[in-house]
Amino acid sequence: MKKIILTMLVGLALVSGCNKNKSEVSSSSNNGENNKIMLSNIADDSSKSEIETILKNYLDKQSVDEFLNYVNDYNETIENTSLNTGFTETLQPEYDVSKIDELWANKKGLFIGTNCRINTFTLLKRNIEINNIESNTDLLFLDHEAINEGKLFNEDELNKFNILFSRVKTEKTKDVNIHAEKMKEHFKNIKFNNDARMISVVMNDDLDGDYLFVGHVGVMINTGKEVLFIEKLSFQEPYQAIKFETEEKLYDYLLQKYGQEYGQETANAFIMNNDEFVKSAK
């Protein structure tokens, strides 16, 4: 019973990695030009067509269609509440989650929707190869609830999803380099795509042992002209497609939102680009 309670506590804390946290609130309240991003909620025909074209240039077309079906269903269900039109230069938006929750619950019942991990896997699943190894799914209980209720993945896809986002055993240390090596070792079991890359924000928890977990994730495509990042903020919150001038600015954006610790004596969050460590929170 104690382990179940601890697992739920860790899960609630880290699953919010696909959600808003203290870092995001503080950055939203800072009106500096450096915090502005070029953002689309993929809710209008123009930006949707642009994003679809880019994604289908690099990813399996069926996977992109499945992803866009999720996007359309979400946007229509919440009646485009708080969503923008086109790519707009803006601070990180404050979405009307209360209204979104009410609309979603009234129309979808027990199905809680999709989050960052589900959408990332949907986009990448036919463009990556995943070795069949054991996985730790203790923190994926909400993901599984959504997948089962929505009948989103078949058995083989679910197994691969579990491996990709498995919780990873690590050492009791605040040294991010050690943790990054543990994630790199785990990701050796995945043959990633070099064009559409998985960008993961990895978090460290120690409530029932020392582990690493992909708290937030999205897909990055560097077109040579710009860096496009696709993410779903949380089960409740919208899709975001964001254009950056450089990959470094994408990493800064993610660490500003998710890089703070949750008051624990654990290592700072850090970012993996596919299987390579690129940057950690200060």
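The model is predicted, so local features need pLDDT of at least 70 and side-chain atom pairs count only at pLDDT 80 or more, while totals for chains, interfaces and linings use all residues. Residues are numbered from 1 along each chain as its sequence is written, and side-chain values use heavy atoms, leaving out hydrogens and water.

Of the 282 residues, 53% are buried, meaning under 20% relative accessible area with a 1.4 Å probe, counting protein chains only.

Next, select strand β6, residues 196–205, where 10 of the 10 residues are buried, so the strand is largely enclosed by the rest of the structure. A196, M198, S200, V202 and N204 point one way, and R197, I199, V201, M203 and D205 point the other way. In a regular strand, side chains alternate between the two faces of the sheet.

Strand β7 runs antiparallel to β6 and is joined to it by 10 bridges, with N204 opposite L212. On the way between these two strands, the hairpin has 5 residues, and G209 takes a positive phi near 120°. Strand β10, residues 270–273, also pairs with β6 in the antiparallel sense, over 4 bridges, and here V202 stands opposite F270.

Finally, select helix α10, residues 247–258, whose buried residues include L250, Y251 and L254.

Notes:
Buried means under 20% relative accessible area, exposed over 50%, partly exposed in between (1.4 Å probe, protein chains only). Two strands pair if DSSP finds at least two bridges between them.
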